[in-house]
Amino acid sequence: MSIQYYSNPKGTKPGLVFIFSYTRYFKQTLIREGSSIDRDILKNLFRALGFQKNEIHVKEDLPQRDLFICLNNIIRFHGYEKYRSLWIFILTHGRENDFLYAADAPFHISKLKLILTSDTKWMGIPKFLIIQACRGYETDEGLKVTGDICDNTSDTEEATSVPYNIPTTSDTIFFHSTWHGFTSYRTSGGSPFIRFFVENMRKYFYTDDIIKIFTKICRDVAHNFSASAQNRPNFIQLKQMPCFEHSFLYKLHFGRDLENKRNQCELDRYKMDHKNRGLALFIYQKDYTHHDKMCNRDADGDVDRLSALLEEFAYKTQIEIDKTDVELKEILKNVSKYDFLDHDSLIVIFSGHGLNEKVFLKEGFMYTNEFWDPFTTFNGNSLIGKPKLFFISACRGTMYDKGSFGEFRLPDDSIECINESEVVTKFESDLKKPLMLPTKADILAVFSSAEDYISILDKTQKGTFFLIALHEVLKQIVDEENIMDVLLRLNENLGKMITKDLSANKQMSFVLSSLTKELYLSKKKK
């Protein structure tokens, strides 16, 4: 299947860059070492990539109010049509549950995401939010790799004219230096995440697409970095796993010659020729009689369509219907103990009610991270180094997305942290064999909607917008296709779907990735 690209019209400039760097904090004597190094190499990177001096802006140690004023002014900037992208970097301290620190107070990352989608001026123009900060205090000792791992409905309508009304939450990428809940490392010489970001962007910015470059950055940090602290025996060769989430509709390539193969980013492929393709676990919740104010769901069509299609891809399917939280946790625990040594991958699909990062079951609820945690937490796991795919079709809030016809182009808390002077970073030449991977590596989680937004049910087809669209793009795979390209088509198709009975609401899925290689899906040869 052909993939569309974000347009690159002549006369437009690559983008605008804003770097918010924090070194000092009110009522804190501790200086955030290395932040100025990260700031400077980012400035030099974008100058080297051809951005003009007046297109690269640096803001230092802003209090929360000034930070939000500045961000709101950026997103309301009237000269947006001259640029192909918007880049915002936040270099600061962070803590659990995605709180970041301004100079005077912490704030939640959701405020930044809301600002990025609050104005239609930048609709259809890729927007980047890249954050170098801790997301908790957990440390990751890594997992040892073993084995060979390398290598349309009556209720909906599609617009046929261009431009069409697209969801307001589309065209964004959020790139985190570490996985949720974990530490992000930094020394007086800067942070490894920013180092690898700069190295890969400098090499491939004009020769490859952004999602592939970001996957390469994830791979480099996961494979080629570890951290140790002097005089701390429990702080030896600890790992870090960056991840990014996006709602892109198309590929983004800053070079004009898309066929130029010179100096393109080289990524290994996941090995997808084991004896067995893998397990596809479908978890379907339809009985909500034990929950007040929750109606039962009829999405039988999703189960029938996807289970049949995944069998064409040679996945063994397992369907679990109407489980309690205790039952489902036990099921996931048991599946995690399977011997996947001769399997390519794992797919888990959930369909049910949800709110924020919870999904509701026949009785009780689970957090979404509890779907993948059982497959990432112990060394005996035979899925280490193999792709683990999760598709979550559930509401993540109560907001409705009406879309926008923007003129877009198509195709008082203390900061606790490790003393940076104790940290010694180690790169590829220092690592011992066998390879140790971060525990959260090689995860792909696709959410049916953006944070805080509803997920739409299509009663006519007895399914959900998200899983109907997923079925369609998977069905279109003839030979083999990169999963990231499949998900771009999923977002594009989902962005065109519209409800008639809910005042023409829209929906946009979000892709969360810590994949470290390219994943190609194909129907298994018989």
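This note comments on the sheets, helices and aromatic pairs of the structure shown above.

1. Basis of the comments. The model is predicted, so local features are taken at pLDDT of at least 70 and side-chain atom pairs at pLDDT 80 or more, whereas totals for chains, interfaces and linings use all residues. Residues are numbered from 1 along each chain as its sequence is written, and side-chain values use heavy atoms, without hydrogens or water.

2. The 12-stranded sheet. An open sheet of 12 strands has the order β2-β1-β3-β7-β9-β11-β27-β22-β18-β14-β12-β13, with mixed pairing. Strands are DSSP runs of E with at least two residues, helices are runs of H or I with at least four, and both are numbered from the N terminus. Two strands count as paired if DSSP finds at least two bridges between them. The edges are formed by β2 (56-60) and β13 (315-321), each of which pairs on one side only. From one strand to the next, the twist averages 15°.

3. Helices on this sheet. Helix α2 (residues 64-75) packs on the sheet and touches β1 (16-21), β2, β3 (86-91) and β7 (127-132); its direction makes about 175° with that of β1. Contact here means heavy atoms within 4.5 Å. Axes are lines fitted to C-alpha atoms, for helices over the stretch in contact, and angles between N-to-C directions run from 0 to 180 degrees. Helix α7 (residues 325-336) lies across β12, β13 and β14, at about 175° to β12.

4. Strand β14 and its partners. Strands β12 (residues 276-284) and β14 (residues 343-351) are paired in the parallel sense over eight bridges. Ala280 stands opposite Ile347 in β14, and Tyr284 has Ser351 of β14 as its bridge partner. Six bridges join β14 to β18, and these two strands run parallel; Phe350 stands opposite Ile392 in β18. Strand β14 is mostly covered, with nine of its nine residues buried. The term buried denotes under 20% relative accessible area, exposed over 50%, and partly exposed the range in between (1.4 Å probe, protein chains only).

5. Five of the five residues of β22 (residues 443-447) are buried. Ile443, Ala445 and Phe447 point one way from the strand, while Leu444 and Val446 point the other way. In general, the side chains of a regular strand alternate between the two faces of the sheet. Strand β18 (residues 388-393) pairs with β22 in the parallel sense over five bridges, and the partner of Phe390 in β22 is Ala445. With β27 (residues 510-513), β22 pairs in the antiparallel sense over four bridges; there, the bridge partner of Leu444 is Ser513.

6. The three-stranded sheet. Strands β15, β16 and β17 form an open sheet in that order, with antiparallel pairing. Strands β15 (354-355) and β17 (365-367) stand at the edges with a single partner strand each, so one side of each has no neighbour in the sheet. Three bridges join β16 (residues 358-360) to β17, and Phe360 stands opposite Phe365 in β17.

7. Helices α1 and α4. The axes of α1 (residues 35-48) and α4 (residues 192-204) come within 10 Å and cross at roughly 5°. The two helices are therefore roughly parallel to each other; that label applies to angles under 35 degrees, with over 145 being roughly antiparallel, 65 to 115 roughly perpendicular and the rest oblique. Asp38, Ile41, Leu42, Asn44, Leu45 and Ala48 in α1 meet Ile194, Arg195, Phe197, Val198, Met201 and Arg202 in α4. By class, this contact has eight nonpolar, one polar and three charged residues. Ala, Val, Leu, Ile, Met, Phe, Trp, Tyr, Cys and Pro count as nonpolar, Asp, Glu, Lys and Arg as charged, and the others, Gly among them, as polar.

8. Helix α9. Nine of the 11 residues of α9 (residues 465-475) are buried, among them Phe465, Phe466 and His471.

9. Aromatic pairs. The count comes to 35 aromatic pairs. Rings of Phe, Tyr and Trp (its six-membered ring) pair if their centres lie within 6.5 Å; planes under 30 degrees apart are stacked, over 60 edge-to-face and the rest tilted. The rings of Phe46 and Phe89 have centres 5.8 Å apart and planes at 65°, so this pair is edge-to-face. Phe46 lies in α1 and Phe89 in β3, so the pair ties together parts that are 43 residues apart in sequence. Phe46 is buried at 0% relative accessible area, and Phe89 is buried at 0%. Phe365 and Tyr367 also form an edge-to-face pair, 5.6 Å centre to centre with 90° between the planes. Phe365 is partly exposed at 31% relative accessibility, and Tyr367 is partly exposed at 38%.
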